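Have the viewer open as you read.

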Amino acid sequence: MTGRPLASLGLSTAEEEGLRSLAGRRKTAQALALRARIVLACAAGEANQMVAAKLGVTPQTVGKWRARFVERRLDGLYDEPRPGVPRSIDDARVEAVVVATLETMPEGATHWSSRAMARNSGISTSSVQRIWRAFGLQPHRAETFKLSTDPLFVDKVRDIVGLYMSPPDHALVLCVDEKSQMQALDRSQPLLPLSPGQAERRS
């Protein structure tokens with residue numbers, strides 16, 4: 001018995017080069033490299049049983065990848081995308097997390113942490129972090145600025161910068177910066193609020 005006739009693979013030059021590249025590259029996934037070697041051996045006219053024995057696979061595996069290549073050519077050798085895990089958080093809950101992050105503050109703190117938001121919203125900390133990343137929210141970050149009302153501010157800046165740019169002999173510059181270790185819950189100037197892609201800004 002000769003069995004059913006096998007479909008001719010009829011490799012083009014580009015297809016043969018692509019298969020040899022997949023089969024020979026060390027970075028190619030081993031499963032993909034094996035599929036490429038199967039097709040190359042089949043294209044050389046070898047029977048499925050001979051290809052299977054040569055490459056250490058079953059004849060069914062050889063038949064599968066031969067058929068996939070005949071049907072879809074090189075694209076048929078790649079794994080088909082698997083369906084993802086169904087979403088456990090619907091759009092309404094995602095919106096609630098975003099709104100709460102932007103428009104509310106936790107009690108006794110200046111900003112939401114992922115753990116605090118997870119407790120508040122009833123979802124996992126990792127889910128909160130994914131939502132924040134998706135919307136570009138970084139409530140843990142704040143940019144600071146200070147606007148001076150000193151009428152001599154420009155003159156003072158020039159004097160200080162001049163000391164650094166062209167200091168006189170034996171010049172000594174002292175800078176004292178006092179910063180409290182406590183978070184300020186009340187500020188004299190309004191905050192520029194957190195928004196998607198923009199950190200909170202405060203004076």
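**The quick tour**

Of this protein's 203 residues, 25% count as buried (under 20% relative accessible area; exposed is over 50%, partly exposed is in between, with a 1.4 Å probe and protein chains only). Heads-up: this is a predicted model, so local features need pLDDT of at least 70 and side-chain atom pairs count only at pLDDT 80 or more, while totals for chains, interfaces and linings use all residues. Residues are numbered from 1 along each chain as its sequence is written, and side-chain values use heavy atoms, with hydrogens and water left out.

**Overall layout**

- You're looking at 8 helices and 2 strands, taken as DSSP runs numbered from the N terminus (helices are H or I, at least four residues; strands are E, at least two).
- Reading from the N terminus, the order of elements is α-α-α-α-α-α-α-β-α-β.
- Take the contacts between residues at least 6 apart in sequence: 54% of them join residues at least 24 apart, where contact means heavy atoms within 4.5 Å.

**Helix pairs**

- Two packed helices are described by the angle between their axes and the distance between the axes.
- Helix α2 (residues 30-43) packs on helix α4 (residues 59-72) at about 80°, and their axes are 9 Å apart; axes here are lines fitted to C-alpha atoms, for helices over the stretch in contact, and angles run from 0 to 180 degrees between N-to-C directions.
- That angle makes α2 roughly perpendicular to α4 (65 to 115 degrees; under 35 is roughly parallel, over 145 roughly antiparallel, and the rest oblique).
- On the α2 side, R35, I38, V39 and C42 meet T61, V62, W65, R66 and F69 of α4.
- Sorted by class, the α2 contact with α4 has 6 nonpolar, 1 polar and 2 charged residues (nonpolar is Ala, Val, Leu, Ile, Met, Phe, Trp, Tyr, Cys and Pro; charged is Asp, Glu, Lys and Arg; polar is the others, Gly among them).
- Further along, the axes of helix α6 (residues 114-121) and helix α7 (residues 125-135) come within 8 Å and cross at roughly 110°, so α6 and α7 are roughly perpendicular as well.
- In that pair, S114, R115, M117, A118 and S121 of α6 meet T125, V128, Q129 and W132 of α7, and the class count is 4 nonpolar, 4 polar and 1 charged.

**Nonpolar cores**

- The largest nonpolar core has 18 residues, and L19, I38, V62 and L77 touch the most other members; a core is a set of buried Ala, Val, Leu, Ile, Met, Phe, Trp, Tyr and Cys residues joined through side-chain atoms within 4.5 Å.
- Elements giving two or more residues to this core are α1 (13-24), α2, α3 (48-55) and α4, and α2 has the largest share, with 7 residues.
- Another core of 14 residues lies apart from it, with I89, V98, A118 and V128 among them.
- Leaving out residues up to four places away in sequence, V62 touches I38, C42, N48, V51, A52 and V57.

**Residues to click on**

- N48 sits in helix α3 and counts as buried, at 12% relative accessibility.
- The N48 side chain makes a polar contact of 3.0 Å with that of R66 (a pair of N or O atoms within 3.5 Å; within protein, one must be able to donate a hydrogen and the other to accept it, and residues adjacent in sequence count only if both atoms are side-chain atoms).
- T61 belongs to helix α4 and is partly exposed, at 26% relative accessibility.
- A polar contact of 2.9 Å links the side chains of T61 and T58.
- T61 and N48 are 13 residues apart along the chain, with 9.0 Å between their C-alpha atoms.
- R73 is in the loop between α4 and α5 (91-103), has a positive phi of about 55° although it is not a glycine, and is partly exposed at 24% relative accessible area.
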